[in-house]
Amino acid sequence: MSQGGLLVVRGLSVAFKTQKGTVQAIDGIDLDLNENETLAIVGESGCGKSVLGHAIMRLLDDIAVVRGSVRFREKEVYEMDTTALLNLRGGLISLVPQSPSSSFNPVITIGKQIEELIEKAGKEKGNGARKRALEYLSLAGFSEPELIHKSYPHRLSGGMCERALIAMALSVEPELVIADEPTKGLDALSRKNILGLLHKLAKDASMIMITHDLKAAETCERLAVMYSGEIVEEGPTGIVLNHPRHVYTKGLIDAQPSRGMTPIKGRHNLFSHNAEGCRFKERCDAASNECNNHPMLSKVEDYRKVRCCHA
Amino acid sequence: MPRIQSRLYMPNVENMSEKWSSSLDIGKFRKRVCASPIKFTGIAILVVLVFIAITAPLIAPHDPEKTGIPYQSPSADHLLGTNDLGQDIFSELLYASRTSLVVGFLAAIISIVIGVSVGLMAGYYKGWIRELLMGMTDVFLLIPGLPLMIILAAYLSPSMWNIILVIGLLWWCSTARVVQSRVLQVREMQFIESTRALGYSDSYILHKHVLANTKEVIYAKFSLAVASAMLAEASLSFLGLGDPLNISWGEMIHFAFTRGGFANDMWWWYLPPGLMICITVLAFVLITMESRKDSRLVELI
Amino acid sequence: MLELVKISKEFRTGFLGRNVKQAVIDASLRVERGEIVGLIGESGCGKSTLGRIAVKLLMPSSGHIILDGADVTDMPEKQFREFRRQMQIIFQHPETALDPQYTLLESILESFNKIGIPEAEQKGLLENISEEVNLPLDIVDRHPNQVSGGEIQRAVLTRVFAFEPRYLILDEPTSMLDVSVQAHILQLLKRKAKKDNVGMLFISHDLEVIRAMCDRVAVMKEGKILEDGSAKEMFQSPKSSYMKQLLENSA
């Protein structure tokens with residue numbers, strides 16, 4: 001992966017200070033994303049995947065301690081001034097947030113909110129913005145975009161809200177889309193629609209899809225698996241899912257109902273980053289003495305990295 | 001829910017007992033004060049005020065009924081001078097805290113009890129019960145409160161109890177509204193349904209779950225109700241509708257106004273009761289202020 | 001056997017109930033003890049409403065609920081309480097499944113007290129069930145916002161299993177959980193059904209979960225049950241076009 005990619009993340013760490021001690025939400029993340037590439041970040045609750053998405057856009061508030069660097073188009077996001085940052089968010093990088101129903105302002109119509117963003121991003125003004133909003137709503141699969149345009153968010157179901165959110169995020173033609181759990185809580189039909197829609201609308205952009213759903217992750221070209229704030233395995237999606245090298249990836253795959261529902265033993269601990277050595281060793285059957293040294297994310301094949309000394 | 005867990009074996013039963021015994025622990029206390037210093041400032045002011053009210057006969061330098069030389073300026077003997085009858089204003093100020101606080105608390109209790117019952121019922125039950133109760137609340141909300149209170153207080157004999165009743169019976173509507181909207185929120189949560197599925201009755205659920213989840217709102221509303229009841233009492237008393245036998249801060253200002261305190265520019269007569277009202281109301285408002293919680297953090301992780 | 005016979009449910013909204021919405025139309029379903037029946041459909045198809053009607057959290061507009069031969073549809077609440085213990089329901093959203101004001105233990109004891117288990121036996125029972133559902137005892141004195149969704153669902157199961165229910169309605173019990181936690185809980189439910197002969201109605205929109213869990217499956221669309229049959233039949237040779245469509249989409 002070249003240094004000149006669209007997004008280059010190096011050694012990104014985020015810690016939250018809580019009353020019970022410091023929680024290292026993400027720890028030393030390295031990530032490269034090329035133009036027009038789709039990357040899925042998969043992990044379970046508490047692994048830090050959402051924090052990573054927010055950290056890339058510098059959306060975390062001041063209780064978070066952030067270290068490391070995020071470079072978007074060779075510009076350091078954490079050194080940008082306010083104007084550049086506002087330009088970046090909702091212009092160059094668009095976020096499709098979690099919980100669709102609460103992500104719209106309930107007292108403004110959907111259309112108005114989309115137009116506002118388009119105007120803010122400086123794409124179109126006035127009537128042009130309205131036209132574009134309608135165009136994206138119909139691209140998002142609404143047969144009556146006019147009706148949705150003048151609706152208030154509570155009139156829409158969860159799946160419809162998600163589609164409207166995607167239309168809004170993509171209406172500014174961003175270079176990078178970060179979709180945070182786009183399929184959470186949706187049924188099979190809507191899930192398929194949403195994934196199809198995301199890929200269709202974002203075909204000219206790069207995308208990071210943050211998800212816990214391996215089925216959704218399958219639709220992306222590359223896959224990174226996170227556990228306890230670290231990337232434990234990364235590579236082309238098909239290869240990783242068919243031939244997982246990390247025990248945790250294997251566990252996730254086997255835990256799916258269609259693959260036999262074999263649970264992963266033990267439970268995830270928010271403070272496991274305090275332990276020495278491999279963070280997964282407590283839950284791993286293959287754990288040995290070697291696992292007391294913290295493993296590095298190392299290349300095992302071309303284009304593929306695993307953080308496990310047994311891989 | 002019965003607190004039987006301490007009798008039950010639990011792996012960290014030591015932790016539990018620690019939790020109970022430590023409520024008196026100085027270190028823990030300091031930690032809690034630091035967590036919400038504003039709230040504790042309010043509580044501290046209130047404790048001092050209640051202490052003054054209870055011990056007024058002991059700490060007052062003079063009997064407030066005793067007459068002497070009128071219109072004296074503040075001196076070592078009479079800290080805030082004397083009034084037109086030569087009574088010690090400082091002692092009167094201390095005694096007046098009793099009336100003001102009693103009126104405030106009792107009126108607030110009446111209004112909260114009515115407001116919470118109406119709000120709970122209207123929030124939990126659907127159909128005509130809600131329509132009736134909320135319709136009634138709306139009617140009461142529309143009545144201009146202070147003018148009606150003035151009329152009622154003027155027609156009824158001027159006693160402290162009448163004032164308490166008048167304020168309490170007219171000031172519950174906003175509580176009912178707030179409680180009702182909170183209850184509407186709580187009753188949609190799934191634990192209400194699952195508790196019903198366990199076979200518990202409506203009254204149990206209302207009491208143990210709905211009320212328990214509404215209590216923060218009620219506490220806040222109660223503090224504010226005490227404050228507004230005291231202000232209402234002060235307004236009525238200032239207009240001369242107070243109880244002449246139980247002097248309150250509002251009445252002190254009234255007397256200062258009618259008996260030449262203002263005319264003679266005796267600020268030590270009318271200013272202190274006004275300040276006391278402000279401080280007490282401030283204390284209650286401070287108590288209702290919540291310390292910022294880092295609940296967002298939990299969501300993010 | 002828990003039997004739902006020709007259940008209909010309409011909701012009235014608006015002024016004087018002018019707007020009528022048919023949530024469930026003529027739905028019949030039966031759940032034998034020891035059997036897991038899947039109820040599948042899109043969101044808003046009425047499957048959750050039907051689940052709530054089965055335990056009488058909602059009253060049906062018409063139709064009958066028959067529990068082990070007794071018609072409990074119009075039974076007064078007092079008399080019904082005895083039956084209520086035999087059928088329990090578990091909901092989807094762990095974050096509001098337990099009262100945030102109380103610790104997990106306090107919520108669990110609420111059900112123990114309802115059953116009337118003497119204090120001396122509560123400890124033993126808690127240990128037994130928590131082992132069965134894999135609830136770590138060192139977290140029971142925490143409040144729901146301090147534990148994970150999976151742990152809350154385990155506490156909910158503890159609470160419900162204490163009743164030794166004959167029938168369980170599971171309304172998307174794991175759709176908000178992570179895959180590895182979901183696997184734990186699904187395995188546990190499956191074991192429970194066979195071991196204690198519990199009949200379960202498993203409501204879900206996830207075909208994979210239904211396929212892995214259920215003996216029989218019913219498909220619901222717009223308030224009507226379109227088709228029901230053995231899981232094998234339904235997944236291999238569905239009759240209704242809707243089921244075919246669902247299968248295609250999940251592939």
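Me: Which residue in S7(C) is the bridge partner of C:Gln88?

Reply: This is a predicted model, in which local features need pLDDT of at least 70, side-chain atom pairs count only at pLDDT 80 or more, and totals for chains, interfaces and linings use all residues. Residues are numbered from 1 along each chain as its sequence is written, chains are lettered from A and ligands numbered from 1 in the order in which they are written, and side-chain values use heavy atoms, without hydrogens and water. Strands pair if DSSP finds at least two bridges between them; strands (E, at least two residues) and helices (H or I, at least four) are DSSP runs numbered from the N terminus. The partner of C:Gln88 is C:Leu168. Strand S6 (residues 87-90) of chain C pairs with S7(C) in the parallel sense over 4 bridges.

Me: Which strand do 5 bridges join to S7(C)?

Reply: S8 (residues 199-204) of chain C, running parallel to S7(C); there C:Phe202 stands opposite C:Leu170.

Me: At what angle do the axes of H5 and H8 of chain B cross?

Reply: Two packed helices are described by the angle and the distance between their axes. The axes (lines fitted to C-alpha atoms over the stretch in contact, with angles from 0 to 180 degrees between N-to-C directions) of H5(B) (residues 89-124) and H8(B) (residues 160-170) cross at roughly 35 degrees and come within 8 Å.
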